[in-house]
Number of protein chains: 2
Amino acid sequence: MNDMEKKYMLAAYQEALKAFKEDEVPIGCVIVKDGEVIARAHNKKVKKNCAVYHAEIECMIKAARKLSNWNLKGCDLYVTLEPCMMCTGAIVNSRIDNIYYGCKDPKGGALVSNIRFKRIKGLNHYPGMRGGIMKEECSELLKAFFKNKR
Amino acid sequence: MNDMEKKYMLAAYQEALKAFKEDEVPIGCVIVKDGEVIARAHNKKVKKNCAVYHAEIECMIKAARKLSNWNLKGCDLYVTLEPCMMCTGAIVNSRIDNIYYGCKDPKGGALVSNIRFKRIKGLNHYPGMRGGIMKEECSELLKAFFKNKR
């Protein structure tokens with residue numbers, strides 16, 4: 001993990017903290033282009049009452065609006081938890097360059113856990129990916145959230 | 001294919017025709033609950049300039065809003081083209097009961113074509129699925145669209 005990766009994951013983590021305070025599963029995301037954070041978002045599933053609004057989807061919608069372009073080539077996405085199938089598909093559709101994630105999601109993760117993304121043939125885009133950035137912090141925040149729920 | 005399936009797919013096809021007229025890839029979708037079409041949508045990727053807004057995503061957002069519930073249990077989704085990875089993941093996340101699709105998407109389809117959905121283990125929901133409803137009409141509309149583009 002280099003300093004830039006840490007810096008952007010910290011920004012994603014701060015978004016996850018906002019989700020925590022809003023009683024949403026604490027997952028945060030930022031999108032970076034040319035060294036600048038162009039979009040920040042957190043999970044809004046409960047607030048918007050719709051399963052589509054994961055942090056990554058919210059963030060890609062904002063980034064596309066900011067750039068006035070559905071094609072997010074040149075952008076990197078930082079998210080505190082390994083993306084699910086929906087979000088991974090959206091990242092492919094949006095042509096994001098690289099995905100950086102915090103902790104793994106053994107049950108729903110679609111990069112290296114439940115689905116191994118790189119093994120799927122024939123997709124029209126394959127982002128680079130790297131995990132484990134601030135993984136303890138990202139994981140502890142999720143654990144604290146679910147502990148409160150029991 | 002029974003009469004009800006044909007009726008709902010025809011409604012999805014009519015949405016696809018709207019996309020065609022708007023110069024979007026012609027894919028349409030409806031969501032049905034208790035025999036009633038509760039949401040209709042078509043592909044808005046170009047209009048909204050965002051790769052998230054496939055017909056199915058648009059339609060699930062509308063259905064969740066209509067029911068004031070992210071959980072779309074009890075709902076069936078009809079779409080003219082086999083869903084992609086993103087949309088299949090969103091259907092799982094939204095707990096849709098059944099997916100009915102028109103024609104297959106050999107390149108991007110995530111139900112039976114490029115990804116075989118039922119082979120993925122450990123997802124927290126597995127919708128039923130049936131394809132091939134009005135497949136010629138759905139396929140011809142896509143061919144006509146891409147022919148115009150060349």
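**Two chains and the contacts that hold side chains together**

Between them, chain B and chain A bury about 2,600 Å², of which 64% lies on carbon and sulfur atoms; buried area here is the accessible area (1.4 Å probe) that two parts lose on being put together, summed over both. On the side of chain B, Asn49(B), Trp70(B) and Met85(B) lose the most area to chain A, and together they account for 24% of what that side buries. This is a predicted model, in which local features need pLDDT of at least 70 and side-chain atom pairs count only at pLDDT 80 or more, while totals for chains, interfaces and linings use all residues. Residues are numbered from 1 along each chain as its sequence is written, chains are lettered from A in the order in which they are written, and side-chain values use heavy atoms, with hydrogens and water left out.

Counted by contact, meaning heavy atoms within 4.5 Å, 31 residues of chain B meet 31 residues of chain A. Six residue pairs, with both residues at pLDDT 80 or more, are in polar contact between chain B and chain A; such a contact is a pair of N or O atoms within 3.5 Å, where within protein one must be able to donate a hydrogen and the other to accept it, and residues adjacent in sequence count only if both atoms are side-chain atoms. The elements that give two or more residues to the side of chain B touching chain A are α3 (55-67) and α4 (85-93) of chain B, and α4(B) gives the most, with six residues. Helices (H or I, at least four residues) and strands (E, at least two) are DSSP runs, numbered from the N terminus.

The count of salt bridges between chain B and chain A is zero, although over all chains it comes to ten, a salt bridge being a side-chain nitrogen of Lys or Arg within 4 Å of a carboxyl oxygen of Asp or Glu. In chain A, Lys48(A) forms one with Glu58(A), their closest N and O atoms being 2.8 Å apart, and this pair links helix α2 (residues 45-48) to helix α3 (residues 55-67), ten residues apart. Lys48(A) is partly exposed at 40% relative accessibility, whereas Glu58(A), at 6%, is buried; buried means under 20% relative accessible area, exposed over 50%, and partly exposed in between (1.4 Å probe, protein chains only). In chain B, Lys149(B) forms a salt bridge with Asp23(B), again with the closest N and O atoms 2.8 Å apart, and the pair joins helix α5 to the loop between α1 and β1 (28-33), 126 residues apart.

Aromatic rings also pair within the structure, which holds ten such pairs over all chains; rings of Phe, Tyr and Trp (its six-membered ring) pair if their centres lie within 6.5 Å, and planes under 30 degrees apart count as stacked, over 60 as edge-to-face and the rest as tilted. Phe20(B) and Phe145(B) form an edge-to-face pair, 6.0 Å centre to centre with 70° between the planes, and the pair links helix α1 (residues 3-21) to helix α5 (residues 135-149) of chain B, 125 residues apart. Phe20(B) is partly exposed at 25% relative accessible area, while Phe145(B) is buried at 5%. In chain A, ring pairs link Tyr8(A), Tyr78(A) and Tyr100(A) into a cluster.
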